[in-house]
Amino acid sequence: MRAVEGLTGLSRTWARTTPPEATAILAHRGAWGEVAENTLDAFENAIGMGADMIEFDVRRTGDGRLVVHHDPSRDGIPLQGVRATALSDGRRQTPRLEEVLELAQGQIGVDVELKERGCVPEVISLLRRFGVHDALLTSFHDDVVQEAKELEPALTTGLLVGRYRSATELFPAGRLKRAGADMLVIHHLLLTTGVLARTEHPCLVWTVNSTTRVDRLLTNPKVAGVITDHPRAALDQRANCRRNAVLSASAASASSRRRG
């Protein structure tokens with residue numbers, strides 16, 4: 001496998017305004033339900049259905065390995081107290097980060113959420129190693145986002161908000177600037193606060209599972225992407241937007257010809 005020196009040109013270009021048919025659909029922890037979340041099976045499902053990106057969480061185990069897992073523990077045992085090999089148990093097998101990036105390489109974009117500090121240099125090294133063409137690194141930790149941007153300016157970074165702990169989640173402009181973040185990644189419950197209208201950054205919204213809300217966000221030009229547990233349904237909704245856009249363009253063209 002050929003290593004690359006940097007990530008320049010590999011990351012998606014996110015626009016500040018996005019038409020409905022171009023809004024990205026991100027599979028939250030993969031496409032799961034029949035399979036376990038944050039597993040290779042879930043990520044393969046997302047690839048198969050044509051999602052734009054997979055979103056997943058990264059933590060470190062006691063033996064120093066980076067694994068894809070949401071919670072700081074499993075079955076009551078902290079991940080920092082176990083070896084990565086102890087997390088391999090069939091359906092709930094916890095993959096190592098390099099396994100997920102190898103699977104994604106050339107097939108799907110990745111939204112890598114860092115749950116912990118101290119992982120940035122290794123994550124960037126792995127992104128370089130596997131040459132993932134479409135990468136986004138996100139975190140709730142401002143300093144993690146800042147570190148990633150300083151180490152690899154070409155990597156797209158996003159600041160996550162939605163823990164409802166401070167007013168800076170409602171007015172995040174200062175945090176975004178200090179962290180050097182490219183994107184705001186906002187919880188859907190904050191949408192009623194007007195934060196979308198107040199930010200100048202492209203926005204992703206998580207975790208959106210209502211079809212009505214997906215429709216509403218697809219038609220909001222401030223929303224660059226939707227993170228959802230139901231990527232297949234969201235992809236179908238976006239396909240309808242694309243069909244409607246084509247029909248509208250065709251009708252407008254026909255009307256113009258009649259007037260001419």
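Strand E10 (residues 203–206) and E11 run parallel, joined by 3 bridges. Two strands pair if DSSP finds at least two bridges between them. This is a predicted model: local features need pLDDT of at least 70, side-chain atom pairs count only at pLDDT 80 or more, and totals for chains, interfaces and linings use all residues. Residues are numbered from 1 along each chain as its sequence is written, and side-chain values use heavy atoms, with hydrogens and water left out.

**Overall content.** The protein has 8 helices and 11 strands. These are DSSP runs, numbered from the N terminus: helices are H or I with at least four residues, strands are E with at least two. Of the 260 residues, 50% count as buried. Buried means under 20% relative accessible area, exposed over 50%, and partly exposed in between (1.4 Å probe, protein chains only). Among contacts with a separation of 6 or more, 59% come from residues 24 or more positions apart. Contact means heavy atoms within 4.5 Å.

**Strand E11.** Strand E1 (residues 24–28) also runs parallel to E11, through 4 bridges.

| Strand paired with E11 | Bridges | Residue and its partner in E11 |
|---|---|---|
| E10 (residues 203–206) | 3 bridges | Cys-203 with Val-223 |

How many residues of strand E11 are buried? In E11 (residues 223–228), 6 of the 6 are buried, so the strand is largely enclosed by the rest of the structure. In a regular strand the side chains alternate between the two faces of the sheet.

**Helices H1 and H2.** The axes of H1 (residues 40–49) and H2 (residues 97–104) come within 11 Å and cross at roughly 20 degrees. Axes are lines fitted to C-alpha atoms, for helices over the stretch in contact, and angles run from 0 to 180 degrees between N-to-C directions. H1 and H2 are therefore roughly parallel to each other. Angles under 35 degrees count as roughly parallel. From H1, the contact uses Leu-40, Phe-43, Glu-44 and Ile-47; from H2, Glu-99, Val-100 and Leu-103. By class, the contact has 5 nonpolar, no polar and 2 charged residues. Ala, Val, Leu, Ile, Met, Phe, Trp, Tyr, Cys and Pro count as nonpolar, Asp, Glu, Lys and Arg as charged, and the others, Gly among them, as polar.

**Gly-48.** Gly-48 lies in helix H1. Gly-48 is exposed, with a relative accessible area of 70%. Its C-alpha atom is separated by 9.4 Å from that of Gln-107, 59 residues apart along the chain.

Terms used. Angles under 35 degrees count as roughly parallel, over 145 as roughly antiparallel, 65 to 115 as roughly perpendicular and the rest as oblique.
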